[in-house]
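These are my notebook entries from a sitting with one model, kept in the order in which I looked things up. I wanted to begin with the sheet and then follow a few single residues.

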Amino acid sequence: MPGTRVRRRTAHRERRRAARRHALLAVASAVVAIGATAGLIDAGHQDGRDTARPGPTPPPVLQPLPAVPTPTAPAPSASSARPAPAAPSPSRTTARPSAAPTPPPARPTAPAPAPRNRLFRHPHSQVLDWVRANPDDPRRPVIESRIAAQPAAVWFAAHNPGEIAGQVRAVTRGAAAAGRTPVLVPYAIPDRDCGGASQGGAPDLAAYDAWIREFARGLGAGAAIVILEPDAIALSDCLTAPERAARFASLARAGRTLRTADPRARVYFDGGHSGWHTPAKQAAALRAAGAATNGDGIFTNVANFHRTADETAYARRVLAALGGPARLGAVIDTSRNGNGAPAAGEWCDPAGRALGRTPTTRTGEARIDAYLWVKLPGESDGCSAAPGSFTPEYAYSLATG
């Protein structure tokens, strides 16, 4: 009997040890799964798609970010073929301040007025390519009228010194000729997307500063809206404190450079969205990045799904926490927020979403300068198709949702 009791106690201890080992393995597996998801999320995919209300700051892995952009836009006169996307950056870039000379002080002109021109629809995009190539597809009329016909942002995601000024100039000249305002998205900050699916960008901040100066030369003198580096501020916790400070200094230089080059351009800094950081935390980061002194306001909800009312309230709270000046406004990405955010954790091409308000600079809301389509509806987050590629099934579901 004593031997039996000893064997039973020994067996019991072994079972407890095994249970602990299984628990640890389960936790490790969960971490690996979250990390893998974060890689896609960071891909510039939908930021936190979980809740549609402000709340405590969630960990970045639970907050998918802006969708993988369309490859750098071609000139309007070019064929439908688009330049290749940016080459991936090294696994970790050492962020360091640029040694480039300080841009000249801004000309003593009044701040650019809030945009009131009609918004520009670039004549080449993935959705327009699909519409032209599929005249007999039964989904074509809906996709064409509800998505392809709408003005949307033009992304510049390649670090391509020597080419970027001409590419930007082609868009701004096309917009000026049409009497419309382009929405431009420079997206080449080093360590972009924290190494997620949208990783890439300039090799270091000195190269980025030079790229932005070239970008600014393409703006011309007309009205423009610049969405400066989605996620660059809201998704900066992955950087060390010195790296973050260097990035914010570079963003401040970028804002100053863009507004000096074209006083009619309005530059908006990354405000995250209503389901992510608290207004106070986001405002503090925006202040450190020079948004109040070198920008015209903030943008929110890029590639996300949070309702316009939630984003409007959140943007005003961020602006209030930023503390002025009173001229600062906000623009909101409404491209896919018609049905609000999906259930927690569903960020990648989630079902049941719908187009939001059509792009306009006449919102009727105080301090809300525009509703824009920054993320192009129908371009995948990476589940229905390769990240950033156009999917007619997804586009149709958004257009009919």
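**Entry 1: a term I needed first.** Before tracing anything, I wrote down that a crossover is called right-handed if, with the strands pointing away from the viewer, the path from the first strand over the helix to the second runs clockwise. With that in hand, I noted that β5, α6 and β6 make a right-handed β-α-β unit. I also reminded myself that what I have open is a predicted model.

**Entry 2: the sheet.** In what order do the seven strands of the open sheet lie? I read the order as β2-β4-β5-β6-β7-β8-β9, and the pairing is parallel. The edge strands, each pairing on one side only, are β2, at residues 154-156, and β9, at residues 368-372. Going from one strand to the next, I found a twist that averages 25°.

**Entry 3: pairs of strands.** I then went through some of the pairings, looking for residues that stand opposite each other.
- β2 pairs with β4, which covers residues 183-186, in the parallel sense over three bridges, and here W155 stands opposite V185 of β4.
- β5 and β6 run parallel and are joined by four bridges, with I225 standing opposite R266 in β6.
- β6 also pairs with β7, residues 297-300, in the parallel sense over three bridges, and the bridge partner of Y268 in β7 is G297.

How many of the six residues of β6 are buried? Six of the six are, so this strand is largely enclosed by the rest of the structure.

**Entry 4: helices on the sheet.** Helix α5, residues 205-217, lies across β2 and β4, and I noted that it runs at about 165° to β4. Helix α6, residues 241-261, packs on the sheet as well, where it touches β5 (224-227) and β6 (265-270), and its direction makes about 165° with that of β6.

**Entry 5: the nonpolar cores.** The largest nonpolar core has 49 residues, and those touching the most other members are F156, Y208, F215, L228, L251 and F269. Helix α5 gives the most to this core, with seven residues. I picked out L251 and, not counting residues up to four places away in sequence, found that it touches I189, L228, E229, A232, I233, F269 and A289. There is also a second, separate core of 36 residues, and among its members are V142, A157, V331 and L376.

Entry 6: In the model, D231 lies in the loop between β5 and α6. Is D231 buried or exposed? Its relative accessibility is 5%, and buried means under 20%, so D231 counts as buried. I also noted a positive phi of about 75° for D231, although it is not a glycine.

Entry 7: With a relative accessible area of 7%, D191 is buried. Where is the cis peptide bond that I noted next? It joins G324 and P325, with omega at about 5°, and P325 is found in the loop between α9 (308-322) and β8 (329-333).

**Entry 8: Q282.** This residue lies in helix α7, at residues 279-288. At 1% relative accessibility, Q282 counts as buried. Which residues is Q282 in contact with, leaving aside its neighbours within four places in sequence? I listed I233, A234, D270, G271, G272, H277 and Y314.

**Entry 9: P377.** Not counting residues up to four places away in sequence, P377 touches I147, S335, L355, F390 and L398. I also checked P377 against I143: the two are 234 residues apart along the chain, and their C-alpha atoms are separated by 9.8 Å.

Conventions: Residues numbered from 1 in each chain as written. Predicted model: local features only at pLDDT ≥ 70, side-chain atom pairs only at ≥ 80, totals over all residues. Heavy atoms only, no water. Pairing = 2+ DSSP bridges. Helix = DSSP H or I, 4+ residues; strand = E, 2+ residues; numbered from the N terminus. Axes fitted to C-alpha atoms, helices over the stretch in contact; angles between N-to-C directions. Contact = heavy atoms within 4.5 Å. Buried < 20%, exposed > 50% of the residue type's maximum accessible area, 1.4 Å probe, protein only. Core = buried A, V, L, I, M, F, W, Y, C linked by side-chain atoms within 4.5 Å.
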